[in-house]
Amino acid sequence: MTGTAGTKDVVAARIGSGHRGASSGEAALSVRGLTVSYAEKPAVFSVDAAFAAGAMTAIIGPNGAGKSTLLKACLGIVPRLSGEVELFGQPLEKARHRIAYVPQRASVDWDFPATVLDLVKMGLFRSVGLFGRLRGEPEARARACLERVGMAGFADRQIGQLSGGQQQRVFLARALAQGADLYLLDEPFAGVDAATERAIVDVLRTLKSEGKTVIAVHHDLATVTEYFDRVFMINVSPVAEGPVAEAFTAETLMAAYGGRLAATHVDELALAGTRV
Amino acid sequence: MGAEFVQFSLTPILIGILASVACALPGNFLILRRQALIGDAISHVVLPGIVVAFLLSGVVAAMPMLLGAAASAIVAVVLIELVKRVGQVEPGAAMGVVFTTLFAAGVLLLEQSDTSSVHLDVEHALMGNLESLIWLRAGGWGSLFDPVALATLPPELGRMALACAVMIALTLVFWRWLKIATFDEGFAEALGIPAAPLGFGLVIASALAAVAAFEAVGSIIVIAMFICPPAAARLMTSNLERQVLWSVVFATLSAVAGYVMAGYGPLWLGGSDSVSAAGMIAAVSGVILGLACLFGPHRQRVGAARSGGVG
């Protein structure tokens, strides 16, 4: 790599500008010195980040860049080697009720014996606990969440009978049932149909208009500008962070993806720098 | 169905039912977590524990045997985790290696030790002694209300009832945790449910059920009951609550039908001797699973490829 020094300069500049941007408002999720390692190789190394409250942020980066791991480490699903995570200025354990999580659709076994409504009710766990009532008002809440993602007619369907897009909507409904302030989504648009993508984006925008914070691991660079306000670019270590207009540029993309992103592809993207 | 039934059949049938239900309950979750082999592993590894307990205590008594079996079950669970983590070995293989090795060690120990004077051999470990758990003092149904006769009930009945009650209580108390964490471990942890300790606790509870049942009915029923009733139940319904109820029904049915067929089946067929009740109970549970595979209303779902895995 001949351009190492140049790349580092870009990284420094972008991260610097990101911090200025984030400090203007309260951070919904802030991370300091976060390192996560599977076996010997770090999956996420020394990440500092502040995700602005009330914004829709895309976490982007190449395969194996640690995007999902970053989310999971913030939620305590994978152990942190080092670093601190704060949600709305509080440690994770005190803020769990304010977070909703949508894991990758393919991470679960959809043959599990449950109906769509059963699955959405799992999102009510923190409000009902081990023994609280799930019928009546809580069930009505779960049904309302299904309504919001356009799946009201599927409440009694077996989850094994859903299409990929329907599975993703049901996962989103379960997150809505958590009634959170911060929504962490892992690849919510992976392998879904166009109608579902539309429906999910609409729901996320509604959440934002209600003052909620949305952070999504996103893989489709072509839709970053259209769907999100801010980006957090990572390749094991953070590469760039800030409003899409500033941080989502040809230089940062090259820094994050390197040779893995064809130059022609970069030209086709709705990049901030090329669209003044 | 008079005095003779109460004397010779009531307690073995009850113990069979309690052992079957105690194993079938955790089996539901083990199967959904694709850990069904754990039951198999545990029931094998208790053998060396029991032999060591006998060598140390010098008697075939319930308490040392249970302690030895529990200790070896825990050793096995830890070993399996070690082989998995340190050796980077796939979970199924790690289990297979650990339980066959420990079982073989148990057989060798048993052969080398002087157990000729006591009722401890490989056959006993496999088949248990369900038929011998009779209630000789019983004079009829009235004995159920006679404190003197009740005091002579086989102690295995009380222990098995306790084990079964504990398993039912654990299933009810941790139902929502188990359901959420079994379906989606990551989501469960995000909710603050301690999914990893819960999974470990499930294995430990299964081990306790297996050890309690092993002592009374032998390992063959334990192995069958962890897998057959829950697997058959999954084919009957796609609702977790109903699946667990079906598994209890199938476990009970296997125990009752298996015991009766072992005792009287050969006679009905013109034979003269009865056959092993434990063997017949396990066989009946297998037949029920076979029938569920052929006729169960939800059979297309089990074993199907992960429908959400593509994408």
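Strands here are DSSP E runs of at least two residues and helices are H or I runs of at least four, both numbered from the N terminus, and two strands count as paired if DSSP finds at least two bridges between them. This is a predicted model, where local features need pLDDT of at least 70, side-chain atom pairs count only at pLDDT 80 or more, and totals for chains, interfaces and linings use all residues. Residues are numbered from 1 along each chain as its sequence is written, chains are lettered from A and ligands numbered from 1 in the order in which they are written, and side-chain values use heavy atoms, with hydrogens and water left out.

**View 1. The open sheet of chain A.** Four strands line up as β2-β1-β4-β5 (chain A), with antiparallel pairing. β2 (41-52) and β5 (90-91) of chain A sit at the edges with a single partner strand each, so one side of each has no neighbour in the sheet.

**View 2. Zooming in on β1 and β2 of chain A.** Strand β1 (residues 27-38) of chain A is joined to β2(A) by 8 bridges, and the two run antiparallel. Look for L34(A), which stands opposite V47(A) in β2(A).

**View 3. A helix across the sheet.** Helix α2 (residues 67-74) of chain A lies across β1, β2 and β4 (82-87) of chain A. Its direction is at about 115 degrees to β1(A), with axes fitted as lines to C-alpha atoms (for helices over the stretch in contact) and angles running from 0 to 180 degrees between N-to-C directions.

View 4. Chain B has 13 helices and 0 strands. Of its 311 residues, 51% are buried, meaning under 20% relative accessible area with a 1.4 Å probe, protein chains only. Residues 24 or more positions apart make up 73% of the chain B contacts with a separation of 6 or more; a contact means heavy atoms within 4.5 Å.

**View 5. How confident is the predictor in chain B?** pLDDT, the predictor's confidence in each residue, goes from 0 to 100. Chain B averages 85, and 92% of the residues score at least 70. Over residues 301-311 of chain B the pLDDT is below 50, yet this stretch has 23 contacts in the model beyond near neighbours in sequence.

**View 6. Where chains A and B meet.** The contact draws on 35 residues from chain A and 33 residues from chain B. Between them the chains bury about 3100 Å², 57% of it on carbon and sulfur atoms; buried area is the accessible area (1.4 Å probe) that two parts lose on being put together, summed over both. D111(A), F112(A) and P113(A) supply 22% of the area chain A buries against chain B, more than any other three residues.

Technical notes: Buried < 20%, exposed > 50% of the residue type's maximum accessible area, 1.4 Å probe, protein only.
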